[in-house]
Amino acid sequence: MDLTTYTNFRQNLKSYLDIVYETHEPLVVTRAHGEDVVVLSKKDYQSIMETFYLMRSPKNGQRIFESLEDLNVGGGYDKTRK
């Protein structure tokens, strides 16, 4: 995760936003007299929120982890193959 100051972020806004968008890496912006903030792309934010939603239910979270375990030991199949 990259880090920059508020002043530097403000002076190079477009460049920083392009980097965040292209690398999918969050950027921490530090502020001298306030809480630091994190900048991330909308797509990455939506992905995080979707994961949070899916994992909010313990039962659903368990099903996801079990499915991943099955795939890791060779279970499952590729639905795109005919």
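Reader: How many salt bridges does the structure hold?

Author: The structure holds 1 salt bridge, a term that requires a side-chain nitrogen of Lys or Arg within 4 Å of a carboxyl oxygen of Asp or Glu. The model is a predicted one, in which local features need pLDDT of at least 70 and side-chain atom pairs count only at pLDDT 80 or more, while totals for chains, interfaces and linings use all residues. Residues are numbered from 1 along each chain as its sequence is written, and side-chain values use heavy atoms, with hydrogens and water left out.

Reader: What makes the contact of Lys 14 with Asp 18 a salt bridge?

Author: The closest N and O atoms of Lys 14 and Asp 18 are 2.6 Å apart, and the definition asks for within 4 Å, so the pair qualifies as a salt bridge. Lys 14 and Asp 18 are 4 residues apart in helix 2 (residues 13-23), which means that about one helical turn separates them; a helix here is a DSSP run of H or I with at least four residues, numbered from the N terminus.

Reader: Why is Lys 14 called exposed, and why is Asp 18 called partly exposed?

Author: Buried means under 20% relative accessible area, exposed means over 50%, and partly exposed lies in between (1.4 Å probe, protein chains only). Lys 14 has 60% and is therefore exposed, whereas Asp 18 has 31% and is therefore partly exposed.

Reader: What is the nearest side chain of opposite charge to Asp 44?

Author: For Asp 44, which lies in helix 3 (residues 42-56), that side chain is Lys 43, 6.9 Å away. Asp 44 is buried yet has no salt bridge. Its side chain does make a polar contact with the side chain of Ser 41 at 3.0 Å, the term standing for a pair of N or O atoms within 3.5 Å, of which, within protein, one must be able to donate a hydrogen and the other to accept it, and residues adjacent in sequence count only if both atoms are side-chain atoms.

Reader: How do you know that strand 1 and strand 2 pair?

Author: Two strands pair if DSSP finds at least two bridges between them, and 4 bridges join strand 1 to strand 2 (residues 27-30), so these strands, which run parallel, do pair. One of the bridge partners in strand 2 is Val 28, which belongs to Leu 3.

Reader: Which way do strand 2 and strand 3 run?

Author: Strand 2 and strand 3 run antiparallel and are joined by 3 bridges, and they form a hairpin with 6 residues between them.

Technical notes:
Helix = DSSP H or I, 4+ residues; strand = E, 2+ residues; numbered from the N terminus. Lys, Arg positive; Asp, Glu negative; His and termini not counted.
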